[in-house]
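Trainee: Before we go through the side chains, could you put the model up?

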Amino acid sequence: MGKNKGLLIVLGIVIVLLVVGYSFIKGRYNTIVTQDEAVKTAWSEVENQYQRRLDLIPNLVNTVKGYASHERETLEGVIEARSRASSVNINPDNLTEESLREFQNAQSQVSSALSRLLVTVERYPELKANQNFLELQAQLEGTENRITVARQRFNEAAQQYNTYIRTFPTNIMASLFGFRPKAYFTAESGAERAPTVEF
């Protein structure tokens with residue numbers, strides 16, 4: 001009877017350890033998955049806002065074209081930058097620094113082309129007074145603000161996820177199940193320098 005009692009105790013301890021181990025692994029794994037999904041959701045919002053900006057560009061170009069048709073080079077630059085940016089696709093499961101940098105570079109080219117276009121518009125007071133142009137410009141400015149917020153939220157979600165998968169003992173599980181750190185958006189090059197203002 002004593003032998004059976006000892007065997008039952010050992011069996012009970014093994015079962016308790018298995019249940020506790022299973023619960024621990026399940027909880028950690030599910031938290032990793034939840035945070036990974038939060039990063040993907042934040043990334044989708046970033047893409048949505050950039051797509052909104054790309055969708056506004058044809059209307060803006062057509063409006064400007066009606067007033068400033070001889071600014072062909074500037075208009076073509078905007079269209080080409082938009083085309084390049086829309087061709088860069090990133091898999092949210094593989095948000096590496098390299099892929100994010102490629103995406104960010106394409107979007108920076110769009111921003112530069114739009115800036116050149118808006119500087120060009122300054123030469124056309126009748127265009128600046130056009131209601132359609134003013135509405136498009138306001139939508140573009142609002143979208144730029146939304147892009148900034150979406151990028152910030154993405155970085156926050158990625159930071160939370162990256163921190164979690166790098167802490168012990170979660171880092172072991174993350175490695176076993178193939179969860180990799182996500183890249184962050186970084187400031188544009190030259191953003192650390194204040195612009196020069198001349199009067």
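What follows is a set of questions and answers on a predicted model.

Trainee: Which element gives the most residues to the largest nonpolar core?
Mentor: The core has 45 residues. The elements that give two or more residues to this core are α1 (2-67), α2 (72-87), α3 (97-121) and α5 (131-166). With twelve residues, the element that gives the most is α1.

Trainee: Which members of that core touch the most other members?
Mentor: As general background, nonpolar side chains in soluble globular proteins tend to be buried together. Here the residues that touch the most other members are Trp43, Val46, Val64, Phe103, Leu114 and Phe154.

Trainee: Is phenylalanine 154 buried or exposed, and at what relative accessibility?
Mentor: Leaving aside neighbours within four places in sequence, phenylalanine 154 is in contact with residues including Val39, Ala42, Trp43, Val46, Leu95 and Leu100. Its contacts also include Ala183, Tyr184 and Phe185. Buried means under 20% relative accessible area. Phenylalanine 154 therefore counts as buried, at 0%.

Trainee: How do the rings of tyrosine 50 and phenylalanine 103 pair?
Mentor: Eight aromatic pairs are counted in the model. In this one, the ring centres are 5.3 Å apart and the planes stand at 85°. Planes over 60 degrees apart count as edge-to-face, so the pair of tyrosine 50 and phenylalanine 103 is edge-to-face.

Trainee: How many residues apart in sequence are the parts that this pair ties together?
Mentor: Both tyrosine 50 and phenylalanine 103 are buried. Tyrosine 50 belongs to helix α1 and phenylalanine 103 to helix α3, so the pair ties together parts whose separation in sequence is 53 residues.

Trainee: Where does phenylalanine 185, which pairs with phenylalanine 154, lie?
Mentor: The two rings form an edge-to-face pair, 5.7 Å centre to centre with 75° between the planes. Phenylalanine 185 is buried, with a relative accessible area of 6%. Phenylalanine 154 lies in helix α5, and the pair ties together parts 31 residues apart in sequence, because phenylalanine 185 lies in the segment after α6 (170-176).

Trainee: Which residues do ring pairs link into a cluster?
Mentor: Two of the ring pairs have come up already: tyrosine 50 with phenylalanine 103, and phenylalanine 154 with phenylalanine 185. The cluster linked by ring pairs consists of Trp43, Tyr50, Phe103, Phe154 and Phe185.

Trainee: Which residues are linked with Lys40 in a network of salt bridges?
Mentor: Lysine 40 counts as buried at 17% relative accessibility. Aspartate 93 sits in the loop between α2 and α3, 53 residues from lysine 40 in helix α1. The residues linked with Lys40 in the network are Asp36, Glu37, Asp93 and Lys182.

Trainee: The backbone oxygen of which residue lies 2.9 Å from a polar side-chain atom of threonine 120?
Mentor: Threonine 120 is in helix α3 and is buried, with a relative accessible area of 4%. Beyond neighbours within four places in sequence, threonine 120 is in contact with Glu71 and Thr74. The backbone oxygen at 2.9 Å belongs to arginine 116.

Conventions:
Residues numbered from 1 in each chain as written. Predicted model: local features only at pLDDT ≥ 70, side-chain atom pairs only at ≥ 80, totals over all residues. Heavy atoms only, no water. Core = buried A, V, L, I, M, F, W, Y, C linked by side-chain atoms within 4.5 Å. Buried < 20%, exposed > 50% of the residue type's maximum accessible area, 1.4 Å probe, protein only. Helix = DSSP H or I, 4+ residues; strand = E, 2+ residues; numbered from the N terminus. Contact = heavy atoms within 4.5 Å. Polar contact = N/O pair within 3.5 Å; in protein donor to acceptor, adjacent residues only side chain to side chain. Salt bridge = Lys/Arg side-chain N within 4 Å of Asp/Glu carboxyl O. Phe/Tyr/Trp six-rings, centres within 6.5 Å; stacked < 30°, edge-to-face > 60°.
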